[in-house]
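Me: I would like to learn how to read the main features of a protein model. Could you take me through one?

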Amino acid sequence: MPKSLSCQQRDDDCNHATLEHEDSPPSPTSSDSSIDEEEINSRITPFWPKYRSIFKSRGIRLDTVRDVKLFYKHRSEQPMSSICRPSSYLDDLNGLQDDDALCPDAGLPDNLFRGSRVFDSKRVVVKAVHAGSREYNVVCMLSRPAMRSDRMNHTIPVVDLFELSDGDVAFIVMEEWSSNLIASLVPCCLFRLLSALRQCIEHAAFIHKHNIAHLDISLMNLLTDYDGHYAYIDYEISRQFDGSSVPLVYNYRGTEIPPECERSVGADPFKIDVWALAVLILRACKLTGYWVPELMHVIKPMLDDEPNRRPSAMEALQAFDKMTTSLGYHIESKCSEQHNRR
């Protein structure tokens, strides 16, 4: 039976789907009390049909073959439509007899599944994790009402969060946002890009204030709702510290690798995040085609080879705000341009 926690408050454009029969044997999961640190924080591959009724009882509907057929039918009827799956795949899909079978997305890892919330049809993505994993604990903390209401918190909205009492599996049900930084990869204006970057830096400052290091800040882990909001995902290798001493991490394996992590020494996790933030800013500017020379005054110290000389995330945020103010931008407000979800 599922066990809800106290913190339960809570596209891309092309759905790549494959089929999984509901009579497949369940994937094994670990419940041994001797699970080691590496195993409990590793990805799991759940047998999704096993949990279908639980999600239904919680008002979540996992995608079926019928849903994916309707998706491609809708796509094919749009002007200038470009179907992102080969016709042979669509023929196989249409040839299936059981429209109610679950249909996982081949473009996602096995621990993720698309679906919708029943009462309002809001699109969601469900992530399966170990109940004792660092990711589950960090997301649980960041989704508590007091944390969620903080304007500095840019964690992806979590609509449900629960663990099963008869095993070590837990589920995080998140709103489905897009991984395209900006609609069509081109912002309506420089303001929107600066707003996105500010939210990225602000969230890092927020989690660092609560002794949490994300440790995999990158464009791949940044989503948008195309309404001026940006959010972090993927806390798989994140760490929360007790704040009693200066923490160090070893054998770092994130996306962006700062120079100190290429040496066999412990590294400050918060300064790793600051380095990754600077790289994210550079990549976002290159991706969108916008460049603000004044940004280098913010970025350069964040990329210092000596981590002790890098600013904190809060100091980087203050420098960013000073820079945008000098350019006449007030980033607290939202862009007035309308953007369609893609």
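This is a predicted model: local features need pLDDT of at least 70, side-chain atom pairs count only at pLDDT 80 or more; totals for chains, interfaces and linings use all residues.

Me: How do I read the strands, and which ones pair with β4?

Reply: In a regular strand, side chains alternate between the two faces of the sheet. Here, β4 (residues 123-130) is joined to β3 (residues 112-117) by 5 bridges, running antiparallel, and β4 also pairs with β6 in the antiparallel sense over 7 bridges. For landmarks, Phe113 stands opposite Val126 in β4, while Val125 stands opposite Met174 in β6. Strand β4 is mostly covered, with 7 of its 8 residues buried.

Me: What lies between β3 and β4?

Reply: The two strands form a hairpin with 5 residues between them, and Ser121 in the turn has a positive phi of about 60°. Ser121 is also one of the residues touched by Ser116, which lies in β3. Ser116 is buried at 14% relative accessible area, and its other contacts include Gly59, Ile60 and Arg61.

Me: What should I look for in salt bridges, and how many does the structure hold?

Reply: Side chains of opposite charge can pair when their charged atoms come close. This structure holds 19 salt bridges. One is Asp321 with Arg198, at 2.7 Å from N to O. Asp321 lies in helix α10 (residues 313-326) and Arg198 in helix α7 (residues 190-209), so the pair ties together parts 123 residues apart in sequence. Asp321 is partly exposed at 22%, whereas Arg198 is buried at 10%.

Me: Which residue pairs with Lys69?

Reply: Asp99 does, in a salt bridge of 2.8 Å from N to O. The partners are 30 residues apart: Asp99 is in the loop between α4 (87-94) and β3, and Lys69 is in helix α3 (residues 65-76). Lys69 is buried at 18% relative accessible area, but Asp99 counts as partly exposed at 22%; the cut-off for buried is under 20%. There is also a network of salt bridges linking Arg43, Lys127, Glu135, Asp234 and Glu236.

Me: What about cysteines: how many disulfides are counted?

Reply: A disulfide is a covalent bond between the sulfur atoms of two cysteines. The count here is 0 disulfides. Among the cysteines, Cys103 is buried at 4% relative accessible area, and Cys200 is buried at 1%.

Me: Which residues form a nonpolar patch on the surface?

Reply: Leu282, Trp291 and Met296 do, with about 260 Å² of accessible area together. Trp291 sits in the loop between α8 (269-288) and α9 (295-302), and is partly exposed at 42% relative accessible area.

Methods:
Residues are numbered from 1 along each chain as its sequence is written. Side-chain values use heavy atoms; hydrogens and water are left out. Patches are made of residues with over 30% relative accessible area and no salt bridge: like charges are joined within 9 Å, nonpolar side chains (Val, Leu, Ile, Met, Phe, Trp, Tyr) within 5 Å. Accessible areas come from the Shrake-Rupley method with a 1.4 Å probe; for residues, only the protein chains shown count as cover. A salt bridge is a side-chain nitrogen of Lys or Arg within 4 Å of a carboxyl oxygen of Asp or Glu. Helices (H or I, at least four residues) and strands (E, at least two) are DSSP runs, numbered from the N terminus. Buried means under 20% relative accessible area, exposed over 50%, partly exposed in between (1.4 Å probe, protein chains only). A disulfide is a pair of cysteine sulfur atoms within 2.5 Å. Two strands pair if DSSP finds at least two bridges between them. Contact means heavy atoms within 4.5 Å. Lists of a residue's contacts leave out its neighbours within four places in sequence.
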